[in-house]
Amino acid sequence: MGTLRTLKAFAWMRWRMLVNSFERTGSRDTLERFSLAIEKLGPILAAILLIPSAIAMAALGLAAGYLLATGGSLMAITAVRFILIAAPLLAIVGPFFLPAADRTNPVRLLLLPIPRSTLYIAQSSSAFGDPWNVLMIPLIFMVPVGILAAGHLTSAVLTLIAAVCFLILVIGLSALSTSLLHLIVRDRRRGELAALIFIVIIPVVAMLPGLLESGPRRGRGADRPPVVPEWAIDLGARAKSLYPSELFVSAATGTVNGDLELAGAAVSGLALAALLVHTLSVFAFRRVLASPATTGARRGGGTSAVWGARLPGLSSGASAVALAQLRLAMRTPRGRSILLSPLAMFGIFAVLMYRGSGQMEFGPFQFGSGLGLATFASFVCLLSILPIAMNQFAVDKAGLTMTLLSPLRDDEILSGKAAGNALVVAGPTLLSIGAALILFGGDSAALWLSLVLGLLSVYLLVAPVAAICSAVFPRAVDLNSIGRGSNAHGAAGFIGMVAFVVAGAVPAVLTFLALRVLERPSAAPLLVAGWCLVAYIAGRLLFAAARRVFATRRENLAMVR
């Protein structure tokens, strides 16, 4: 009973934290409360939208169980099998990317008179709020209901036991993954390396199979050796039978078909796997409680002369803000991902173009020259800056307070932030354009110049929009995080995405006009250069508005941590 009361207290505490985030406080103005309300309402609306999906999953499970027991079509149970394949995988990777990564650190709860076993149960129970579990639970538990509706009581009971074991296994995988995440990020450098791997390397590796199957290839013949050796295929088939979703389906089909040996083996396999995973999870959880909060010393600053330089065209104060923004990006995992992810993407597409003799097709993208690849890579580079640019003030945390207390004018802070973000995105963009030009070339020099001018016009328009959104929708983030904890506010991110698309459409239309209507490629840079002048004037006017917004939001921005 004591454990149950403690778990109820945890649930009530989470509810009060949600309610308190909407209540009025004297430390925040109306705009700040509106920003917080939008951020909190997003998950609530997503949960509401999950209700129809959960009902559909329940109907699918009920139909699968009933048809399986009555000897009907096996299409429904096959659909259940394929859907459940994702559940263990999402339980493992979910805590690294989605809200599970931001769960409360249990170490701070050790001061309370709560048994560690209860803390582990509370930590594991938070996995029930993951969206994939919300959809999985009605699916697996309605399968035995469907079997029972067909009149197979014993089969329904055994399938229910398999469903319970499957759920416990998935919860254990999520708890183990969360504890391992806490252990990894305890060491600062180890956490940064892990974050960089998950942000950059894993998505690139995941794209490789699909990318390698796209585009023309040379040397394809009938006698081409298989990509995967035969022994690996056999090993994969054997491992597939031990996968949790396969064990659950085997338990259901075995009980209905009277193969109790198969069903018993499947249920036993799920139970043993759940026991093993929770044993490892408890061990990792105890290590989390026993380890210090953080380890690893900060790196010393041996390049003070470089970071103290003055950038051309900026005052000393604005230069300091710009270089601090660049340094922040270079020393945090999320910032490094902004620098490296576009280059990794460019490298993959460049290799595929080389394999295809300068031609490549990937979904809607068709690259027939270096200019097409450079345009695509540049767009990716610009979009990658959104997490920092659309939250450029709050990413500084306490450093923003020091900036606001320093003798800097508002225009120096804004221009420094804009220049710093430009420095962050300029490196990958120029490298991508230069590499595409050297490796593949193609098209006229006028079009390459139009691309550079077009990117400049996009940034001139988006930079003040990013400053306004960052002041209106600040969000306390951790750039060392590999989950949603490092993303900008949802509203700011959406506005930034729309602003990039709209600003990029104008130079694209002007270039198309020069090529198809005027049929003079040399006119493209002239038209885009004229638009750059218009974008510069519009950007100056928008920065005037950004200064007024920033001036009224200084006190609230200083309180964002």
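Predicted model: local features only at pLDDT ≥ 70, side-chain atom pairs only at ≥ 80, totals over all residues.

Biologist: Fine. How many helices and strands are there in the protein?

Modeller: The protein has 20 helices and 2 strands, and of its 561 residues, 44% are buried.

Biologist: OK, on to the inside. Which residues of the largest nonpolar core touch the most other members?

Modeller: That core has 53 residues, and those touching the most other members are Ile385, Met390, Val424 and Phe500. Several helices supply at least two residues each, among them helix 12 (316–330), helix 14 (370–384), helix 17 (410–439) and helix 19 (490–517). Helix 18 gives the most to this core, with 11 residues.

Biologist: What does isoleucine 385 touch, then?

Modeller: If its neighbours within four places in sequence are set aside, isoleucine 385 is in contact with Ile338, Asn421, Val424, Val425 and Phe500. There is also a second, separate core of 38 residues, which includes Ile77, Val143, Val249 and Leu270.

Biologist: Let me pick on alanine 162. Is it buried or exposed?

Modeller: Alanine 162, which sits in helix 6, counts as buried because its relative accessibility is 0%. Not counting residues up to four places away in sequence, alanine 162 touches Phe248, Ala251, Val267 and Leu270.

Biologist: How many residues apart in sequence are alanine 162 and alanine 266?

Modeller: They are 104 residues apart in sequence, while their C-alpha atoms are 7.8 Å apart in space.

Biologist: What about serine 179, buried or exposed?

Modeller: Serine 179 is found in helix 6 and is buried, since its relative accessible area is 2% and the cut-off for buried is under 20%. Leaving out residues up to four places away in sequence, serine 179 touches Ser281, Ala284, Phe285 and Val288.

Biologist: Why does leucine 153 count as exposed?

Modeller: Leucine 153 lies in helix 6, and it counts as exposed because its relative accessible area is 55%, where the cut-off for exposed is over 50%.

Biologist: And what is the accessible surface of the protein?

Modeller: The accessible surface comes to about 28,100 Å², and 71% of that belongs to carbon and sulfur atoms.

Biologist: Where is alanine 508?

Modeller: Alanine 508 lies in helix 19 and is partly exposed, because its relative accessible area of 46% falls between the cut-offs of 20% and 50%. In sequence, alanine 508 and leucine 451 are 57 residues apart, yet from C-alpha to C-alpha they are 8.8 Å apart in space.

Biologist: Last topic, cysteines. How many disulfides turn up in a search of the whole structure?

Modeller: That search finds 0 disulfides.

Key: Residues numbered from 1 in each chain as written. Heavy atoms only, no water. Helix = DSSP H or I, 4+ residues; strand = E, 2+ residues; numbered from the N terminus. Buried < 20%, exposed > 50% of the residue type's maximum accessible area, 1.4 Å probe, protein only. Disulfide = S-S within 2.5 Å. Contact = heavy atoms within 4.5 Å. Core = buried A, V, L, I, M, F, W, Y, C linked by side-chain atoms within 4.5 Å. Areas by Shrake-Rupley, 256 points an atom, 1.4 Å probe, with all protein chains shown as cover.
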